[in-house]
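Please read the points in order.

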There are 2 protein chains.
Amino acid sequence: MIKIVVDAMGGDNSPAVNVQGVAGALNKLKDIHIVLVGDEAQLNPLLERESYDSSRLTVVNATEVISCNEKPTEAIRAKKDSSMVKALDMLRTDNEARALVSIGSTGALLAGTVMRVGRIKGVKRPAFCPILPTVADGIVAICDSGANVDCDPQWLQQFAVMGSLYLTKAFGVQNPRVALLNVGVEEEKGDELRKATFPLLQNTPNINFVGNMESRDLLSGKFDLVVCDGFSGNVLLKSTEGACLELMRMLKHTLMSSFQSKIGALLIKKKLYEVKDKMDYNKYGGAVLLGAAKTVVKGHGSSNGEAVLHCIEQAYVMETNGLVEAIAQEIQR
Amino acid sequence: MIKIVVDAMGGDNSPAVNVQGVAGALNKLKDIHIVLVGDEAQLNPLLERESYDSSRLTVVNATEVISCNEKPTEAIRAKKDSSMVKALDMLRTDNEARALVSIGSTGALLAGTVMRVGRIKGVKRPAFCPILPTVADGIVAICDSGANVDCDPQWLQQFAVMGSLYLTKAFGVQNPRVALLNVGVEEEKGDELRKATFPLLQNTPNINFVGNMESRDLLSGKFDLVVCDGFSGNVLLKSTEGACLELMRMLKHTLMSSFQSKIGALLIKKKLYEVKDKMDYNKYGGAVLLGAAKTVVKGHGSSNGEAVLHCIEQAYVMETNGLVEAIAQEIQR
């Protein structure tokens, strides 16, 4: 049995979507036990609507919620009875608890994990590693996407090692192609950080470093993992998501502007949804906080029930395949 | 009469598109004189096909071409008879020459401008400032988009000053809204560079600093100028362009996959082109190298004739409105 702690609060549509995701996960995965942490007064009526194996669910009451507007470190210190702090403490103190899933504040989850759960021995900094779909029907991971805005080259080297293991253990990607985010593909390109990191990556055993990647090629399908500092990784992730959303919005607006194109839009509606569906991050699980002492998965704040289910499934697969142990082994080598 | 030097070589479709753009500019703008620098053997037959006022065109022969694959500084030093070096030297030595337009190697143009033309007195580093269309039918400028990959806070402050003047002088944007590219909107967000730059921008006279911007909001129309180091600016620009291109490609591919959607695609074809046209950088001129002692405009390597014309027009408008003098005055204040 794999025990997974789920923070029930903190997302845009929490706790409703969290309850839906948890019920779905209990029905889909027969050897998980879920500890759902949040406001019982809200959770119980929502749980009553779902059907699931209640012997594998434990509800833990927590009266406070950490919002995205709070300063992360202060919130973790002050709100001892928040769902996130209680979930983190449960992950730390319960030896059987293997993973935590939250769609709450990213900053608080990062600060709380570092402060209350800790890192894998030898890992310099935990890093967020979200997944995006590519045009080639595959996926691409970005590490780090925002946990560490100022980075040393050695940290980026560890991001490459951890991200490679993650892709293999969670998604079955064999020998993932690792690229360094840069302003050009030539070896000598980049700022001081990139110039120092390139030779390090070339000399890292057990990763498949294929060279520099320009940001325009993120979705091309030519790379499996993009290594970067958290500042530029955040710019890369959010500008890609933002451009896709704005373009779809512009397209919708333009198609509704004439009678003929409205008819056309009706005919292509299904196909448009196919594209939209493909670009939907809800399907791809959350951003894993690689390097934490136990598995931590951060789902999008606007996740729906399906997305929460995917996050739980992702944590389950990672635990089944021993990702944390594999990272510990490789980092200490 | 405003004299503008045009590097005829170095683009994907040079010199044909350069000749088209030059002829178009001579016909559109009656008080410009153009000096076209490139291989006469190639230029003359192309020029014969066009009709324009030949009394306002001078062709200067240059036998070499700097390609995008060459190391910029070495190429500028070695290829004395290249179109780019000759054009840069003409800009420096001819007092009447006011501006240079090139669609050749970005790195070489930057290195060559710094080495052979120099900076405006007081400007710490010249910076590239490209323009993108927004969903709100406006434009947004990014400064720096790649000239300086490692930056001091004071440089970013100057980018804000120069970029603001550019938007006003070249596009008539009054009181342009300046944002700092960051990983969150809150004042305390960011890496060391952003934390040091934020208060500097708050205390810079004559700019309209509106706070931090997340990369997902680049095309939102809420900002006129985004200030950043050249590394993250390059990531921002190229990932936005890349995501739009990949999404349009994915859409096209999906629409062609069923009979019904093919019919639909026919009906919306015109509207799709409207969107594509809107996102087409060829219409928005080139990236200006702000802070150079004379006006330098870098067009996209894949520019067509229309795009070259827009770059020349852009240089003309900037010169007509005295951008270089305005920057010199504001920086020395």
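1. In chain B, α6(B) passes α7(B) in a right-handed crossing (the near helix is turned clockwise from the far one by less than a right angle). This is a predicted model, in which local features need pLDDT of at least 70, side-chain atom pairs count only at pLDDT 80 or more, and totals for chains, interfaces and linings use all residues. Residues are numbered from 1 along each chain as its sequence is written, while chains are lettered from A and ligands numbered from 1 in the order in which they are written.

2. Helix α6 (residues 153-171) and helix α7 (residues 192-202) of chain B pack at about 45°, with axes 9 Å apart.

3. B:Pro153, B:Leu156, B:Gln157 and B:Ala160 of α6(B) meet residues of α7(B), including B:Leu193 and B:Leu201; contact requires C-beta atoms, placed from the backbone, within 7 Å.

4. In chain A, the axes of α6 (residues 153-171) and α7 (residues 192-202) come within 9 Å and cross at roughly 45°. That makes α6(A) oblique to α7(A).

5. B:Val227 touches, among others, B:Leu156 and B:Ala160, not counting residues up to four places away in sequence.

6. In helix α4 (residues 83-93) of chain B, the buried residues include B:Ser83, B:Lys86 and B:Leu91 (buried: 20 or more other C-beta atoms within 10 Å of a residue's own, C-beta atoms being placed from the backbone). Among the elements that the buried residues of α4(B) pack against are β1 (2-7) and α5 (106-116) of chain B.

Methods: Axes are lines fitted to C-alpha atoms, for helices over the stretch in contact, and angles run from 0 to 180 degrees between N-to-C directions. Helices (H or I, at least four residues) and strands (E, at least two) are DSSP runs, numbered from the N terminus. Two residues are in contact if their C-beta atoms, placed from the backbone, lie within 7 Å. A residue is buried if 20 or more other C-beta atoms lie within 10 Å of its own, exposed if 12 or fewer, and partly exposed in between; C-beta atoms are placed from the backbone. Angles under 35 degrees count as roughly parallel, over 145 as roughly antiparallel, 65 to 115 as roughly perpendicular and the rest as oblique.
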